[in-house]
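Please read the numbered points with the sequence and the structure open beside them.

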Amino acid sequence: MDTLFTCVLLALGGALGTVARYGLSLWAMPMSERLPCGTLLINMLGSLLIGFFGTLTLAEGKYPVAEQLRLFVMVGVCGGFTTFSAFSLQTLDLLRSGAWIRATLNILLSVGLCIGAVAVGHLVAASFNDGATRIAQRGIEEEA
């Protein structure tokens, strides 16, 4: 029963993340004509969220939450919200159309800004959580 409940939580989190991604994608569409800015923004926000929430809610920290809530946010919401497959498709399309500079820029910005966003989320949450040094506390949380 516990596994079924966790699966339902993950599905709900994924659905929430997916709907949020869709809405943000529609909003960003006008500025995404030459570079997929919506995908970049979504991945940065998802990275910020997973870094912040993962660090803030560690079991040994000041703001622990149930592991199922961590999975709901980190695997469900963040997994449904972030868009690595869309990033990969858009980058391939840029490469296939001969836009090598824009494709390279998309790769460098996506990787650099998203790692930076995880780091910022972690640092901000660590300041609230007695200097926590971890984000994930179980391997499954890193699979988001």
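1. Rings of Phe, Tyr and Trp (its six-membered ring) are taken to pair if their centres lie within 6.5 Å, and planes under 30 degrees apart count as stacked, over 60 as edge-to-face and the rest as tilted. By this rule there are two aromatic pairs in what is a predicted model.

2. One of the pairs joins Phe 52 and Phe 128, whose ring centres are 6.5 Å apart and whose planes stand at 85°, so this pair is edge-to-face. Because Phe 52 belongs to helix 2 and Phe 128 to helix 5, the pair ties together parts that are 76 residues apart in sequence. Phe 52 is partly exposed, at a relative accessible area of 27%, and Phe 128 also counts as partly exposed, at 42%.

3. Phe 84 and Phe 87 form a tilted aromatic pair, with 5.2 Å from centre to centre and 45° between the planes. Both of these residues lie in helix 4, three residues apart, which is about one turn of the helix. Phe 84 counts as exposed, at 58% relative accessibility, whereas Phe 87 is buried, at a relative accessible area of 8%.

4. Which residues of helix 4 are buried? They are Phe 87, Thr 91 and Leu 94, and, seen down the axis of helix 4, the buried residues fall within an arc of 60°, so they line one face of the helix. In general, an α-helix has 3.6 residues a turn, so residues three or four places apart point the same way. The face of helix 4 turned away from the buried side carries the exposed residues Ser 85, Leu 89 and Arg 96, while the buried residues pack against helix 2 (37-56) and helix 5 (100-128).

5. Thr 91, which lies in helix 4 (residues 84-96), has a relative accessible area of 6%, and because buried means under 20%, this residue counts as buried. Apart from its neighbours within four places in sequence, Thr 91 is in contact with Ala 103, Asn 106 and Ile 107.

6. Helix 4 has 13 residues and reaches 18 Å from its first C-alpha to its last, close to the 18 Å expected at 1.5 Å a residue. Just after this helix, Gly 98 takes a positive phi of about 85°.

7. As for confidence, the mean pLDDT of the protein chain is 92, with 97% of its residues reaching 70 or more. Among the elements of the chain, helix 4 has the lowest mean pLDDT (92) and helix 5 the highest (95).

Technical notes. Residues are numbered from 1 along each chain as its sequence is written. This is a predicted model: local features need pLDDT of at least 70, side-chain atom pairs count only at pLDDT 80 or more; totals for chains, interfaces and linings use all residues. Side-chain values use heavy atoms; hydrogens and water are left out. Helices (H or I, at least four residues) and strands (E, at least two) are DSSP runs, numbered from the N terminus. Buried means under 20% relative accessible area, exposed over 50%, partly exposed in between (1.4 Å probe, protein chains only). Contact means heavy atoms within 4.5 Å. The expected span of a helix is 1.5 Å times one less than its number of residues. The arc is that of the directions from the helix axis to the C-beta atoms. pLDDT is the predictor's confidence in each residue, from 0 to 100.
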